[in-house]
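Have the 3D view open as you read, and take the points in order.

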Amino acid sequence: MLTPVMKVFTMLGEGGIIWILIGVILLFWKQTRRTGAVVLLSLLLCLIFCNGILKNVVARPRPCWRNPDLAMLIGIPGDYSFPSGHSASSFAAASCLCFQSRRGGAAALFMAAAIAASRMYFYVHYPTDILAGIVLGILMAFLAEWLMRVLEKKGVFQWGKVQK
C-alpha cells in the first residue's frame with residue numbers, strides 16, 4: 001500500500017530534479033533569486049563531492065547488490081551506495097530553503113525526509129548511507145551559503161535590497 005507513495009518520492013529525488021526545478025523557479029523573482037542560486041549551488045556541490053568523489057572513493061556496494069535474489073520494486077541503480085545522493089541533494093536544497101523561509105523550509109524538509117526514507121524502503125541504501133547523505137547535504141547547504149556571501153562581497157553577484 002505504501003509502495004506507490006514511496007515511488008513518487010523516490011522519483012522526485014531522481015537526479016535532484018524536483019530541487020533543480022525549485023531552484024530554477026526561484027530565479028525568476030527578484031525576492032527569491034538569491035535563494036534559487038544558493039539552492040542550485042548546493043546541488044552542484046553535492047553532485048561534485050557526494051556523487052562524483054565520495055561514491056567512487058568509498059565504493060560501497062548497494063544492499064540490493066548483495067542480495068540479488070530479492071525482487072526489487074524499482075530499477076537497481078548502477079552507481080555505488082555511500083553516500084545517498086537523493087538524501088544529500090534533498091537535504092542540501094531543503095536546508096537552503098530553510099535559510100530563506102521557515103514555512104517553506106519545513107515543507108521542503110518533510111519532502112527531503114520522505115525522499116530519504118524511500119531509498120531505504122526500496123532497499124537501495126543502508127541507513128548509514130542516508131545519514132551520511134543528510135549530514136553532507138546540510139554541510140553543502142552551509143558551504144553554498146558561505147560561497148555565495150564570498151562572491152557577493154567580491155561583487156560577483158548583486159541581488160538588490162530585497163535579499164539578505
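This is a predicted model: local features need pLDDT of at least 70, side-chain atom pairs count only at pLDDT 80 or more; totals for chains, interfaces and linings use all residues.

1. Start with α2 and α3. Their axes come within 7 Å and cross at roughly 150°. Angles over 145 degrees count as roughly antiparallel, and α2 and α3 are therefore roughly antiparallel to each other. The crossing of this pair is left-handed. On the α2 side you'll find Trp19, Ile20, Gly23, Val24 and Leu26, and they face Arg33, Thr35, Gly36, Val39, Leu40 and Leu43 of α3. Sorted by class, the contact of α2 with α3 has 7 nonpolar, 3 polar and 1 charged residues.

2. The crossing of α1 and α6 is left-handed. From α1, the residues that take part are Thr3, Met6, Phe9, Thr10 and Leu12; from α6 they are Met111, Ala114, Ile115, Ala117, Ser118, Arg119 and Tyr121. The tally for this contact is 8 nonpolar, 3 polar and 1 charged.

3. The next pair is α5 with α7. Here the axes come within 7 Å and the crossing angle is roughly 40°, which makes α5 oblique to α7. The crossing of α5 and α7 is right-handed. α5 brings Ser87, Ala88, Phe91, Ala92, Ser95, Cys96 and Phe99, and they meet a set in α7 that includes Ile130, Gly133, Ile134 and Gly137. Of the residues in the contact of α5 with α7, 11 are nonpolar, 4 polar and 1 charged.

4. What about the core? The largest nonpolar core has 31 residues, and those with the most contacts inside it are Trp19, Val39, Leu97, Met111 and Ile115. At least two core residues come from each of α2 (17-26), α3 (33-58), α5 (85-100), α6 and α7 (127-153). α3 gives the most, with 8 residues. As background, nonpolar side chains tend to be buried together in soluble globular proteins.

5. Have a look at Gly23, which sits in helix α2. Is Gly23 buried or exposed? Gly23 is buried, because its relative accessible area is 0% and buried means under 20%. Leaving aside its neighbours within four places in sequence, Gly23 is in contact with Gly36, Val39 and Leu40.

6. Gly133 is found in helix α7 and is buried, with a relative accessible area of 0%. Gly133 is 110 residues from Gly23 in sequence, and their C-alpha atoms are 19 Å apart. Setting aside neighbours within four places in sequence, Gly133 is in contact with Pro83, Ser84, Ser87 and Ala88. Phe82 is 51 residues from Gly133 in sequence, but the C-alpha to C-alpha distance is 7.9 Å.

7. While you're at Pro83, check the backbone. The peptide bond from Phe82 to Pro83 is cis, with omega near -5°. Pro83 lies in the loop between α4 (63-66) and α5.

8. Finally, two loop residues with positive phi. Ala59, in the loop between α3 and α4, has phi near 50°, a positive value in a residue other than glycine. At 29% relative accessibility, Ala59 counts as partly exposed. Tyr123 has a positive phi of about 60° although it is not a glycine. Tyr123 belongs to the loop between α6 and α7, and is partly exposed, with a relative accessible area of 30%.

Terms used. Residues are numbered from 1 along each chain as its sequence is written. Side-chain values use heavy atoms; hydrogens and water are left out. A crossing is left-handed if the near helix is turned anticlockwise from the far one by less than a right angle, and right-handed if clockwise. Helices (H or I, at least four residues) and strands (E, at least two) are DSSP runs, numbered from the N terminus. Contact means heavy atoms within 4.5 Å. Ala, Val, Leu, Ile, Met, Phe, Trp, Tyr, Cys and Pro count as nonpolar, Asp, Glu, Lys and Arg as charged, and the others, Gly among them, as polar. A nonpolar core is a set of buried Ala, Val, Leu, Ile, Met, Phe, Trp, Tyr and Cys residues joined through side-chain atoms within 4.5 Å. Buried means under 20% relative accessible area, exposed over 50%, partly exposed in between (1.4 Å probe, protein chains only). Axes are lines fitted to C-alpha atoms, for helices over the stretch in contact, and angles run from 0 to 180 degrees between N-to-C directions. Angles under 35 degrees count as roughly parallel, over 145 as roughly antiparallel, 65 to 115 as roughly perpendicular and the rest as oblique.
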